[in-house]
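Dear colleague,

I am passing a structure on to you, and my notes on it follow below. Please read them with the model open beside you.

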Amino acid sequence: MPAVFLKDRSLLSISGAEAQSFLQNLITTDIISLEADEARPGALLTPQGKILFDFMIWQEGNGYTIETDAGQRDGLLKRLTMYKLRAAVTLTPRTEDGVTVSWDEDAEGVRDSRGVRDSQGVRDSQGVRDSRFAKAGVALIRQPGKHGDGEELLYDALRITHGIVTSGSDFALQDAFPHDVLMDFNGGLSFRKGCYVGQEVVSRMQHRGTARRRVVTVSAATALPETGTEISAAGKPVGTLGSVEGDHGLAIVRIDRAGAAMAAGTPLLAGQTPVSLILPQWSGLVFPTSADEASA
């Protein structure tokens with residue numbers, strides 16, 4: 001079982017009598033339905049519905065833990081403090097440095113509603129299961145602190161294989177909507193819990209079906225160019241290459257434009273490199289092949 005230490009992750013604790021209602025009315029995740037030992041993705045949005053901060057969140061005792069990029073933590077803490085006002089909530093930076101992720105390459109781990117069990121049926125109580133990977137059929141555990149020394153490239157390769165993005169490498173904060181990064185499919189975006197910051201915009205996108213930018217996995221016969229390279233069809237931009245590992249990578253693309261290009265047999269290029277695009281199977285999405293399908 002690989003165990004990879006992600007040194008650039010940081011943690012916040014949110015506790016107090018009103019911690020649940022405070023977060024429920026602020027972030028994209030429905031934390032009331034959050035299961036014990038489950039980590040879900042989430043975001044704090046701008047009023048215009050774009051991702052201001054992204055993170056993982058799980059229950060911790062009577063409160064919650066947020067895991068985010070180390071470069072985001074102080075800004076997120078400041079923004080949460082601004083929204084706190086007089087709420088009975090305590091926001092505390094955690095002392096642990098980094099997070100360890102581990103998963104079973106042989107798929108021997110068995111997922112159930114109470115957590116992750118190993119091949120002997122013993123429940124792992126030291127971490128939380130990542131719901132994003134669970135949707136892709138991978139039992140992956142996140143645990144604060146350093147508990148392994150596997151190379152981070154192993155985790156990046158796993159993310160790329162299953163179409164799971166991270167801010168910074170795959171999209172810029174304040175530039176992407178939750179739909180762009182598949183939060184409407186991975187459990188990080190609720191349309192039932194009521195109002196939160198940016199909710200009106202993302203709800204309108206959902207009900208009108210206007211989401212066009214989506215995460216795809218990218219492959220090529222040779223090594224892919226660097227992150228940030230434009231993906232195009234017939235000289236017109238389709239999207240931008242994100243995380244890259246050899247001849248595989250991730251990108252956020254306009255699936256209507258990409259679908260039309262593929263239907264017409266028009267080559268898709270990352271820079272000058274021919275590429276193939278695949279939507280993550282767990283999303284259930286397909287490429288539209290006409291203007292009518294794109295607007296359906």
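In these notes a residue is called buried when its relative accessible area is under 20%, exposed when it is over 50%, and partly exposed in between, with a 1.4 Å probe and protein chains only. Helices (H or I, at least four residues) and strands (E, at least two) are DSSP runs, numbered from the N terminus. Please keep in mind that this is a predicted model, in which local features need pLDDT of at least 70 and side-chain atom pairs count only at pLDDT 80 or more, whereas totals for chains, interfaces and linings use all residues. Residues are numbered from 1 along each chain as its sequence is written, and side-chain values use heavy atoms, with hydrogens and water left out.

I begin with helix H5, residues 199-208, whose buried residues are Gln199, Val201, Val202, Ser203 and Met205. Among the elements that cover these buried residues, where contact means heavy atoms within 4.5 Å, is strand E3 (38-45). Just after H5, Gly209 has a positive phi of about 65 degrees.

At the start of H2, a side-chain oxygen of Asp69 comes to within 2.8 Å of the backbone nitrogen of Gly71, and just after H2 Leu85 takes a positive phi of about 50 degrees. Buried in H2 are Gln72, Arg73, Leu76, Leu77 and Leu80, and these residues pack against elements including strand E2 (9-15), helix H1 (19-24) and E3.

Lastly, the aromatic rings: those of Phe, Tyr and Trp (its six-membered ring) pair if their centres lie within 6.5 Å, with planes under 30 degrees apart counted as stacked, over 60 as edge-to-face and the rest as tilted. By this rule there are 2 aromatic pairs. The rings of Trp103 and Tyr155 have centres 6.4 Å apart and planes at 50 degrees, so this pair is tilted. Because Trp103 lies in strand E7 (residues 99-103) and Tyr155 in helix H4 (residues 152-162), the pair ties together parts that are 52 residues apart in sequence. Phe133 and Tyr155 have ring centres 6.0 Å apart and planes at 45 degrees, so this pair is tilted; it links helix H3 (residues 131-135), which holds Phe133, with Tyr155 in H4, 22 residues apart. Both Phe133 and Tyr155 are buried, and Trp103 is buried too.

With kind regards

Technical notes: A polar contact is a pair of N or O atoms within 3.5 Å; within protein, one must be able to donate a hydrogen and the other to accept it, and residues adjacent in sequence count only if both atoms are side-chain atoms.
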